[in-house]
Structures are given as C-alpha cells and as structure tokens.
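This report describes the fold and the surface of one protein chain. Please look over the sequence and the model before reading on.

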Amino acid sequence: MANDFKAGDVVQLKSGGPKMTIELIGKKFESDTKNSAKCVWFEKQKQNTAYFDLAVLRLADSDEPGFAAS
C-alpha cells in the first residue's frame, strides 16, 4: 500500500499521539534507502521536530476535535 503523504498533511502516529504537520518528505541521511517524513508539532509553546518512517504514520481524522482544515 503506497503512502501518498505530502508536505502540509496533518498526520498522527498509527499508535496515537499529537497531530503533526509534515514539513518535508525525503531521506534523512544520504545513505538512507527510503524516504521519511519530517514532522513538526507543538507541545504547549515548544516546537518539536522529528523524522518518522512513512509506514508508522496515518492521516489525522478531520472530524476529531482540534482539527483545523485549511
């Protein structure tokens, strides 16, 4: 099953957690063999960023409280 994520998508880990925005999709390191998503999210006033394998992400549900559609 292909992941059709793109920059700007709002996602969550399949296991749950905060909603995150995909900043970019690409290889974290030049030696990587597959793409990852660099995600950004906030906890209170602190901005966090991390790379996640595309296989562990899902699109966030737009009907959940707190989801802001563009």
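Accessible areas here come from the Shrake-Rupley method with a 1.4 Å probe. The model is a predicted one. On that basis the protein chain exposes about 5100 Å², and 51% of this area is supplied by carbon and sulfur atoms. Of the 70 residues in the protein chain, 24% are buried, where buried means under 20% relative accessible area.

The secondary structure of the protein chain consists of 5 strands and 0 helices. Along the sequence the pattern reads β-β-β-β-β. An open sheet of 5 strands is formed, with antiparallel pairing and the order β4-β3-β2-β1-β5. At its edges lie β4 (46–53) and β5 (57–59), each of which pairs on one side only. On average, neighbouring strands of this sheet are turned by 45° against each other, direction ignored.

| Strand | Residues |
|---|---|
| β2 | residues 16–26 |
| β3 | residues 36–43 |
| β4 | residues 46–53 |
| β5 | residues 57–59 |

How many bridges join strand β2 to strand β3? There are 5 bridges between these strands, which run antiparallel. For Leu 24, the bridge partner in β3 is Lys 38.

Contacts along the chain can be sorted by sequence separation. Among contacts in the protein chain between residues at least 6 apart in sequence, 31% join residues at least 24 apart; a contact here means heavy atoms within 4.5 Å.

Key
Residues are numbered from 1 along each chain as its sequence is written. This is a predicted model: local features need pLDDT of at least 70, side-chain atom pairs count only at pLDDT 80 or more; totals for chains, interfaces and linings use all residues. Side-chain values use heavy atoms; hydrogens and water are left out. Two strands pair if DSSP finds at least two bridges between them. Helices (H or I, at least four residues) and strands (E, at least two) are DSSP runs, numbered from the N terminus. Axes are lines fitted to C-alpha atoms, for helices over the stretch in contact, and angles run from 0 to 180 degrees between N-to-C directions. Buried means under 20% relative accessible area, exposed over 50%, partly exposed in between (1.4 Å probe, protein chains only).
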